[in-house]
Amino acid sequence: AAGVGIGENGWVLELLKTHFGYDAFLPLQEDIVGSVMAGRDTFALMPTGGGKSLCYQLPAMALPGLTLVVSPLIALMKDQVDALEANGVPAGFINSTQTNAELSQVVRQVRSGEIKLLYVAPERAIEARFADFLGTLNVSLVAIDEAHCVSEWGHDFRPAYRELRNLRRSCPDAPVIGLTATATRQVRADILSQLGLREPRTFISSFNRPNLSYSIVPKERDLSGLLSLLEKYRGESAIIYCGSRKDTEEMAQTLTDRGFKAEPYHAGLNADVRRATQERFIRDRTPIVVATIAFGMGIDKPDVRLVVHYDLPKSIESYYQETGRAGRDGEPGECVLFYSYAGKSKQEYFVNQIEDAEERERARQRLNQVISLCTLNSCRRRFVLQYLGEEWPDENCGACDNCVGPREQYEATEITQKVLSAVIRTGERFGAAHVIDVLRGSKGERILKQGHDQLSVHGIAADSPRDELRDLVEELKREGMLATSDAEFPTLSVTQKGRQFLRNRETLILSRPVERKAPSESRGER
Ligand code: ADP
Ligand code: ZN
């Protein structure tokens with residue numbers, strides 16, 4: 001784009017230097033600051049660590065009036081404000097943890113213009129009393145942090161966000177900037193409409209984290225695998241995510257018993273314990289934290305070298321966020337996820353417990369995406385970035401197990417014909433597990449009851465290991481030859497494309513990681 005960047009105005013760079021200590025902008029920061037300063041509504045989508053805060057903190061220093069920051073993280077407000085004050089940025093906050101005296105002091109300082117940057121929780125921001133207060137002030141900018149909280153499709157929906165658009169009534173002339181690190185296309189559209197942004201300028205930076213490597217270990221809760229990983233990173237910081245509070249405690253104990261220094265962290269521990277654990281982690285006293293997803297919100301520890309998912313993450317977005325805590329200093333970070341079909345079933349069980357039908361459906365879709373990530377034969381990085389709405393070239397990323405590990409192409413024509421036929425012969429009324437049982441010639445009760453042992457397809461793939469068939473079914477779904485229903489017990493069906501393949505007897509070449517093949521070959525030809 002043509003035009004003079006705001007960075008070419010010496011005084012902006014000077015503010016950057018004096019108040020924030022930086023010599024240059026990070027990517028997009030300058031454009032975003034420029035948009036806000038020009039009075040435009042703005043939407044900024046940047047990965048964690050991308051430098052979002054500066055996009056409203058710098059304008060706050062440059063604009064004449066107050067900058068209001070809506071932030072959902074009450075626990076972090078005080079730290080944020082203290083850090084700003086230390087840099088000579090006059091800031092304050094209003095939230096429920098304050099005494100009345102503290103509150104009145106902040107109100108006074110805001111009125112007198114002593115405070116340029118005011119942090120407030122969304123629930124407070126939407127109160128009528130607060131709107132009245134705002135109406136009496138000269139507000140230059142409204143910043144809405146963690147803007148994805150406005151969307152039910154996001155991972156931490158906060159109903160109060162829905163009403164933030166009414167803030168406008170108290171300060172009609174102030175531009176609004178929404179910022180987030182998580183937004184799929186759906187959430188992004190929600191943010192723009194629900195926050196009522198007016199002809200917003202949108203800035204989206206790449207979410208790729210080139211210094212992170214990704215791998216999926218096809219084995220659930222593999223303690224010896226985990227131990228050797230931790231051994232590799234001994235003395236450095238690691239986060240292990242587990243699915244339940246109990247699991248984090250047991251795992252921390254197991255690791256301690258094996259000579260690693262590890263502590264649990266979850267929402268069931270009281271605030272002091274959590275704070276102390278967090279503190280020890282940040283200060284490198286405790287290198288390993290075993291946590292539920294409650295850990296890490298807002299934690300900026302730059303040198304985490306390893307992030308392990310010992311259980312499945314809830315969604316691709318959580319996977320991205322959680323792995324994103326590795327390598328924030330730009331040095332390499334390794335992200336390893338342990339996955340198995342047993343883990344999948346366990347999650348499906350939890351999803352089916354969800355009472356609200358719509359919520360259950362959303363959870364199921366999220367889980368299905370995670371499973372696709374785990375069973376993928378192609379680049380994990382590309383899959384995650386595409387899920388986050390970013391196009392990514394179809395090339396070797398050089399740092400995920402599928403791109404790095406040796407792969408081989410193999411002819412899958414015959415086995416695919418067998419699988420598709422079995423789906424058709426069983427009437428397209430069964431899930432993958434049943435179809436695979438039929439293919440492998442199971443004489444199980446369910447098979448006999450359906451009379452499926454009488455089918456011509458019964459036992460036609462008896463030599464193929466179950467895992468291999470499961471992977472193939474996933475691959476055929478991705479190839480668009482098989483489809484699954486979105487029901488509680490999903491059933492497989494053969495698509496148009498699959499039928500065409502059967503009719504035309506086309507040759508099908510697929511690829512797979514080399515190590516997968518070894519076990520089936522070692523069974524030998526019989
Ligand atoms: P986000 O909110 O997007 O996760 P932050 O605003 O916390 O990111 O910034 C991430 C890190 O980048 C912080 O450590 C911050 O100090 C640093 N940072 C921000 N802007 C710059 C800059 N222009 N130059 C160098 N470092 C920066
Ligand atoms: Zn890759």
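This is a predicted model: local features need pLDDT of at least 70, side-chain atom pairs count only at pLDDT 80 or more; totals for chains, interfaces and linings use all residues.
Q: Which strands does helix H12 (residues 271-282) lie across?
A: Residues are numbered from 1 along each chain as its sequence is written, while chains are lettered from A and ligands numbered from 1 in the order in which they are written. Helix H12 runs at about 140° to E10 (axes are lines fitted to C-alpha atoms, for helices over the stretch in contact, and angles run from 0 to 180 degrees between N-to-C directions). Contact requires C-beta atoms, placed from the backbone, to lie within 7 Å, and the strands that H12 lies across are E9 (237-241), E10 and E11.

Q: Which strands stand at the edges of the sheet that contains E10?
A: Helices (H or I, at least four residues) and strands (E, at least two) are DSSP runs, numbered from the N terminus, and two strands pair if DSSP finds at least two bridges between them. Six strands form this open, parallel sheet in the order E8-E13-E12-E9-E11-E10. Because each has a single partner strand, one side is left without a neighbour in the sheet for E8 (212-217) and E10 (262-265).

Q: Which residue of E11 stands opposite Ala262?
A: E10 and strand E11 (residues 288-291) pair in the parallel sense over 4 bridges. Within E11, the residue opposite Ala262 is Ile288.

Q: By what angle are neighbouring strands turned, on average, in the sheet that holds E3 and E7?
A: Here 7 strands form an open sheet with parallel pairing, in the order E3-E4-E2-E5-E6-E1-E7. Strand E3 (91-94) and strand E7 (201-204) stand at its edges, each with a single partner strand. From one strand to the next, the twist averages 20°.

Q: Which strands does helix H5 (residues 100-111) lie across?
A: Strand E3 pairs with strand E4 (residues 117-120) over 4 bridges, and Ile94 stands opposite Val120 in E4. Helix H5 runs at about 135° to E3, and it lies across strand E2 (66-70), E3 and E4.

Q: How is H1 oriented relative to H3, parallel or perpendicular?
A: The axes of helix H1 (residues 10-20) and helix H3 (residues 54-62) come within 10 Å and cross at roughly 105°. That angle makes H1, relative to H3, roughly perpendicular (under 35 degrees counts as roughly parallel, over 145 as roughly antiparallel, 65 to 115 as roughly perpendicular and the rest as oblique). Val12, Leu15, Leu16, His19 and Phe20 in H1 meet Leu54, Leu58, Met61 and Ala62 in H3, so the answer for the pair is roughly perpendicular.

Q: How many charged residues are in the shell around ligand 1?
A: The shell (residues whose C-beta atom, placed from the backbone, lies within 6 Å) has 13 residues, the closest being Tyr22, Gly50, Gly51, Lys52 and Ser53. Ala, Val, Leu, Ile, Met, Phe, Trp, Tyr, Cys and Pro count as nonpolar, Asp, Glu, Lys and Arg as charged, and the others, Gly among them, as polar. By class, the shell has 5 nonpolar and 6 polar residues, and its charged residues number 2.

Terms used:
Two residues are in contact if their C-beta atoms, placed from the backbone, lie within 7 Å.
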